[in-house]
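Please keep the sequence and the model in view while reading.

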Amino acid sequence: MKVQGKFAKALKITGLGLLAVIVLIFGGGFIYYQVIARAPLPRIDGELSAKGLNDRVEILRDAHGVAHIYAKNMHDVFFAQGYVQAQDRWWQMEFFRKTCGGRIEELTGKKAALMASDIYLRSLGLYGVCKREYESYTQSERAPLDAFAAGVNAYIAGKKPRELSVNYALLGLTGVKFKIEPWTPVDSLVFSKLMAWDLGLRRDAEMLRTRLHARLGAKMAEMWLLPPWPLREKPTILNGEDIRALFGGALAAHRPGGEGLSPAPGAGTVVSKNDTPDFCWMGGGNEGVGSNSWAATGKMTKSGKSLLANDPHLGIQMPSIWYEVALHAADDGTGRSFDVEGFTFSSNPGVVVGHNADIAWGTTNVYPDVNDQYMIKVNPANPLQYKWNGGWRDMNVRKETIVFGNGKPSVEIIVRITHLGPIINDNKYDPETGTLAGFNNEDPRALKWTALEPGRIALAIIGLNRAGNWKEFREALKNWDVPSQSIIYADTKGNIGYQMPGKIPTRSANLNGQTPAPGWSSDHEWKGYVPYDLLPRAFNPSRGFIVAANQEVAPPEYYDTLRARLGAAVNANFSSRYNKWPYGYRAQRINQLIRKLAPHTADTYRAMQGDDVYLSAGEVLPHLQKLELKDDGLAAARDWLMKWDRRFSEESPQAVLYAMFWKKLTGMVFQDKLGDVAKSDAGDKEMWAIKLLLENPNDSWWDDSATKNKIETRDEVLLRSFREGYESAIVALGKNRSKWRWGDLHRATFVSNPLGASKIGLLEKMVNGGPVPVGGNSECINNNMWDAGAGDFSPRTIPSMRMIVDMSDFGRNVSINSTGQSGHPKSPWYGDMIDSWRKVSYRPMLWTRPQVDKAAEHTLVLMP
């Protein structure tokens with residue numbers, strides 16, 4: 001979740017205030033920072049009392065600050081987890097909850113560039129949803145959340161803001177006042193909504209599609225928005241064997257072209273420009289954000305047992321979004337011990353990705369369309385009514401007060417809520433004039449989104465932590481509703497599996513969710529959800545492995561059979577035909593290596609996670625090689641590039657030239673036509689679109705719209721792109737191409753929210769990590785993704801952590817986080833893993849008590 005765009009601009013203003021203070025105190029600014037940055041460092045040795053504990057708890061930290069918590073009971077283990085995560089990551093927890101609640105300006109002070117974000121998030125009402133969610137849980141279901149919150153509050157109780165984070169101290173210099181509020185279970189629940197937004201809603205293309213269709217026409221627009229997925233060239237997660245096992249036998253015959261769905265009547269109407277705020281500062285990353293996960297067993301592994309790997313690809317940030325932790329309770333309430341280790345989010349109890357004594361699991365994103373925007377017709381005589389089935393239906397209203405940390409007068413908005421969802425384009429804020437528009441009765445839109453319904457994902461996570469086999473794993477995932485994920489499974493008995501959980505809407509047969517739908521008739525409402533037992537899954541496939549790297553989940557036969565099971569009256573097709581799934585390059589490479597390198601060990605998995613082969617180049621370079629180049633220097637550069645091994649290693653000089661050429665090529669082909677409606681990102685979608693366009697040298701996409709009375713062709717654009725790319729490489733790195741290094745352009749900077757975006761060099765250096773050179777590229781397995789629209793090659797999305805679990809011997813398990821355990825800049829564990837991460841090196845995941853005792857460097861005892 002990298003800070004950039006409007007948020008960086010807003011914080012630059014804050015930064016000027018900080019700079020003035022530093023200048024006023026002359027050279028003492030650096031010394032002052034050193035003092036206030038050390039103040040929040042927590043105590044990690046000795047004995048402390050913690051009100052709310054039932055018994056003694058030990059917290060052992062290893063050389064990297066990873067906490068191993070040993071408690072007598074479940075309440076105490078989650079209590080201690082909350083305590084520890086608040087010790088290390090309180091500011092991150094605070095920042096996330098304020099963001100989710102539309103309260104970010106309570107931390108920054110009033111900022112014109114952030115008002116729209118706060119208004120939009122208040123309109124969604126995420127906290128109200130999560131409050132209802134918590135209230136729907138039984139007392140036993142609430143227990144981990146309650147204990148976690150109690151532990152957080154035991155740590156923060158009585159502490160001044162500056163004792164919790166340096167961010168409070170420095171932002172306070174600009175006039176912002178802070179009041180530390182107790183942590184609540186709802187604060188933990190709401191973070192899942194933020195992740196659901198980051199992994200799904202932020203990529204919603206409904207509004208973009210209407211505008212691009214108007215600009216380019218449907219056929220041309222869809223070649224960029226949703227080029228046909230390469231079902232014959234790239235592997236899906238499940239194959240025919242898996243689908244037959246899922247449905248218990250014969251599959252429905254595939255009908256080429258599928259249902260032939262079209263948008264609902266009126267849905268293609270061009271509506272107003274996209275008025276969703278710029279949230280790149282919150283979510284960071286690229287459109288193709290995803291993950292890699294795979295498992296192998298039997299003849300595919302050296303031990304004959306299961307091996308699992310996972311590396312989620314999320315926005316680059318400081319500290320990492322992940323927090324590694326090990327939880328051990330002597331009694332889980334049934335007389336058995338509770339033992340689990342892995343990675344979680346700082347705001348949440350339990351382990352999100354990891355293993356227990358019996359099973360391991362990893363997650364990757366999937367891309368079903370779980371939201372729709374509905375066009376609303378407001379009653380001209382009453383702005384609090386909307387048309388529904390021929391009559392007028394009352395809206396609900398909710399007042400929201402936006403408060404600013406710097407004491408500026410608060411702002412009140414009224415949110416209108418239909419039964420379909422809240423209206424999300426009311427209360428438009430003009431940052432230039434500071435005026436608030438109020439109700440939008442011209443083209444209001446309501447948002448229907450699965451995350452705006454009370455969910456049960458918190459129960460799924462605790463269920464996974466306790467599951468002991470495939471049946472219990474699947475039972476736990478019934479509660480995993482949003483965000484939907486691909487979840488890979490492995491166990492100590494040698495089994496592997498796959499389950500896609502989630503609430504996947506079914507729509508009317510004539511609706512596909514691609515454009516805003518009419519919001520005045522029940523004909524266009526969702527009809528239900530795909531039954532859990534019909535969602536994609538696999539168990540012990542004969543091939544001996546499963547690969548989930550965000551590719552299309554299943555072949556067309558799955559959707560045809562699903563349609564046959566559910567009936568032709570509904571559309572349950574969540575395939576790549578109607579939703580943008582990454583185009584399978586990573587999945588293809590993982591499938592290649594999983595066969596080539598077998599039988600596998602943790603070492604072969606390490607090599608795979610660090611692989612930087614760029615398959616897209618193999619689709620493009622043959623066309624470049626065929627060009628007739630009259631410039632001898634350019635021809636020599638082209639021939640030099642043809643000797644490239646197609647690896648984006650940090651040291652590769654040819655990778656520089658290809659990246660420059662590719663950036664120019666996608667810009668010329670796509671950005672020229674997209675104009676100000678959208679930005680070319682040079683990512684996986686454009687990789688596959690270019691591959692298809694290369695087969696049609698006279699396609700309209702090749703033409704340069706800026707030239708009059710001339711129509712450019714493929715070869716002309718390839719030649720120009722290569723020439724300009726080569727020239728750009730020389731400008732950037734000099735004429736001696738043997739000295740070029742990909743890592744000199746591809747440098748990762750881990751930005752700390754919000755001080756890392758202050759635009760004060762000294763301050764950014766103190767709180768940010770990097771920049772460091774990194775290998776990999778978009779859609780390499782080592783998926784350090786840059787975005788052409790951002791203007792440089794800096795990774796925006798990265799493997800946010802890497803984990804390998806050997807079910808035959810947990811002593812071989814390894815992992816690496818992308819930054820470090822701590823969120824305190826003066827902690828030795830703030831960025832100590834960055835260098836290992838960039839080199840694709842690892843540290844042991846300690847499991848047994850003797851291993852932990854031997855490696856422990858700090859021991860904190862909490863007493864009731």
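Buried means under 20% relative accessible area, exposed over 50% and partly exposed in between, with a 1.4 Å probe and protein chains only. Helices (H or I, at least four residues) and strands (E, at least two) are DSSP runs numbered from the N terminus. This is a predicted model, in which local features need pLDDT of at least 70 and side-chain atom pairs count only at pLDDT 80 or more, while totals for chains, interfaces and linings use all residues. Residues are numbered from 1 along each chain as its sequence is written, and side-chain values use heavy atoms, with hydrogens and water left out.

**Helix α5**

- Helix α5 (residues 112-124) is mostly covered, with 10 of its 13 residues buried.
- The buried residues of α5 include Leu 114, Met 115, Asp 118, Tyr 120 and Arg 122.
- Just after α5, Gly 125 adopts a positive phi of about 70 degrees.

- Two packed helices are described by the angle between their axes and the distance between the axes.
- Axes are lines fitted to C-alpha atoms, for helices over the stretch in contact, and angles run from 0 to 180 degrees between N-to-C directions.
- Angles under 35 degrees count as roughly parallel, over 145 as roughly antiparallel, 65 to 115 as roughly perpendicular and the rest as oblique.
- Helix α6 (residues 126-136) and α7 have axes that come within 8 Å and cross at roughly 125 degrees, which makes α6 oblique to α7.
- On the α6 side, Tyr 134, Glu 135 and Ser 136 meet Glu 141, Arg 142, Leu 145 and Asp 146 of α7, where contact means heavy atoms within 4.5 Å.
- The α6 contact with α7 comprises two nonpolar, one polar and four charged residues; Ala, Val, Leu, Ile, Met, Phe, Trp, Tyr, Cys and Pro count as nonpolar, Asp, Glu, Lys and Arg as charged, and the others, Gly among them, as polar.
- Helix α7 (residues 139-156) and helix α9 (residues 185-199) have axes that come within 8 Å and cross at roughly 110 degrees, and the two are therefore roughly perpendicular to each other.
- Leu 145, Asp 146, Phe 148 and Ala 149 of α7 make this contact with Pro 185, Ser 188 and Leu 189 of α9.
- By class, the residues of the α7 contact with α9 are five nonpolar, one polar and one charged.

**Cis peptide bonds and positive phi in loops**

- Val 482 and Pro 483 are joined by a cis peptide bond with omega of about 5 degrees, and Pro 483 lies in the loop between α15 (470-477) and β20 (485-491).
- Ala 598 and Pro 599 are joined by a cis peptide bond with omega of about 0 degrees, and Pro 599 lies in the loop between α17 (585-596) and α18 (602-609).
- Asn 550, although not a glycine, has a positive phi of about 75 degrees; the residue sits in the loop between β26 (545-548) and α16 (556-566) and is buried, at 0% relative accessible area.
- Ala 682, also not a glycine, has a positive phi of about 65 degrees; the residue sits in the loop between α21 (654-674) and α22 (684-694) and counts as buried at 3% relative accessibility.

**Cavities**

- Rolling a probe the size of a water molecule over the atoms shows where empty space is left.
- On a 1 Å grid over the protein atoms alone, a cavity is a set of points where a 1.4 Å probe fits but cannot get out, and lining residues have an atom within 4 Å of a point.
- Grid points are joined across faces, edges and corners, and a volume is the space filled by probe spheres set on the points.
- Of the 23 residues lining the largest cavity, Met 195, Phe 345, Val 352, Trp 480 and Pro 483 are the closest to its centre.
- Helix α9 gives the most to the lining of the largest cavity, with six residues.
- That lining has 14 nonpolar, nine polar and no charged residues.
- The second largest cavity has a volume of about 180 Å³; among its 19 lining residues, Trp 91, Gln 92, Met 318, Pro 319 and Asn 753 lie nearest its centre.
- Helix α3 (residues 74-100) gives the most to the lining of the second largest cavity, with seven residues.
- The lining of the second largest cavity divides into nine nonpolar, eight polar and two charged residues.

**Ser 752**

- Ser 752 lies in the loop between β28 (747-750) and α25 (761-767) and is buried, with a relative accessible area of 7%.
- Leaving aside neighbours within four places in sequence, Ser 752 is in contact with Met 318, Ala 757, Val 767, Asn 768 and Tyr 830.

Definitions and conventions:
On a 1 Å grid over the protein atoms alone, a cavity is a set of points where a 1.4 Å probe fits but cannot get out, and a pocket is an open set with protein on both sides within 12 Å along at least five of seven lines; lining residues have an atom within 4 Å of a point.
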